[in-house]
Amino acid sequence: MTEVSDTVTKSQQLSPTSELNGFSWWKREMSYRLGLLSSGEMQQFEYDYYNRNLPEKCQQCDKDLQWMLKYSPGVIFMMDNINKLQKDPSDSIANHITCDVCPDLQGGGFHPKYGILLCANRLQSKWQLEDVLTHELVHAYDHLKFKVDLNDLNHHACTEIRASTLSGECRIFNEIKKTGLGNFGKKFQDCVKRRATISVSHNPNCSSMEEAEKVVDRVWQSCFNDTRPFERVYR
Ligand SMILES: [Zn+2]
């Protein structure tokens, strides 16, 4: 699973259509960026931001997905390696990737039976879609290659560490934007750790954030250094 936000927006409703487009929307977006909204208005804006124009977002997601399957070197490389591990290599993983609207704050997900889900309402750019897709492809690869048992927190932590390391979600530029300049290597590792810990903490078998942190630390060395099928981390 790929986390995209820390904000909680539950059981809310979309604002009237007139508020979601054109000048009204522009005004709300500017006020949001300038910090002029009350906390209630801010929450409503964030909710609307993710949930307006859903049919268009699904179309865009499908379009970006097709582009990635054709042109993204990382996505193509991962797909080739996954297809080699499939029982039926003619049934490409590409046929098991779906764009849809997600109720939770996630960018995507992988399920051994249903394949890869991309959350059209959470993805804000083609490049974010590429990161999320690569992340989920790492899970698909691990599932076939290592027989991952997601009930086992060690397994779960390991595949999350690898997915965040290899997907580019923690590429250094994003981390500098988030946490400022300095100590690049450590920032990359902190980002991978943070993301893996949040994902593991959502596992029903995990009792707390502290337990998730412990599990991530326990398997860190071997999983962070295992970059298969890549020779090394490129971003
Ligand atoms: Zn994940």
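I began with the domain centres, and found that those of domain 2 and domain 3, taken over C-alpha atoms, are separated by 21 Å. I note here that I am working from a predicted model.

For the bounds, I looked up the domain assignment, which divides the chain into domain 1 (17-51), domain 2 (53-125) and domain 3 (148-234).

Next I went through the secondary structure, where I count nine helices and four strands in the chain, and where the order along the sequence reads β-α-α-α-α-β-β-β-α-α-α-α-α. I then checked the radius of gyration, which is 19 Å and close to the 18 Å that the globule rule gives for 235 residues, so I record the chain as being as compact as a globular protein of that length. For the overall extent, I took the C-alpha trace along its principal axes and noted a span of about 50 × 40 × 35 Å.

The crossing of α8 past α9 is right-handed. On the α8 side I listed V192, K193, A196, T197, V200 and S201 as making the contact, and on the α9 side M209, A212, E213, V215, V216 and F224. Sorting this contact of α8 with α9 by class, I have eight nonpolar residues, together with two polar and two charged ones.

Technical notes
Residues are numbered from 1 along each chain as its sequence is written. This is a predicted model: local features need pLDDT of at least 70, side-chain atom pairs count only at pLDDT 80 or more; totals for chains, interfaces and linings use all residues. A crossing is left-handed if the near helix is turned anticlockwise from the far one by less than a right angle, and right-handed if clockwise. Helices (H or I, at least four residues) and strands (E, at least two) are DSSP runs, numbered from the N terminus. Two residues are in contact if their C-beta atoms, placed from the backbone, lie within 7 Å. Ala, Val, Leu, Ile, Met, Phe, Trp, Tyr, Cys and Pro count as nonpolar, Asp, Glu, Lys and Arg as charged, and the others, Gly among them, as polar. Domain bounds come from an automatic or database domain assignment. The radius of gyration is taken over C-alpha atoms; the globule rule is 2.2 Å times the number of residues to the power 0.38.
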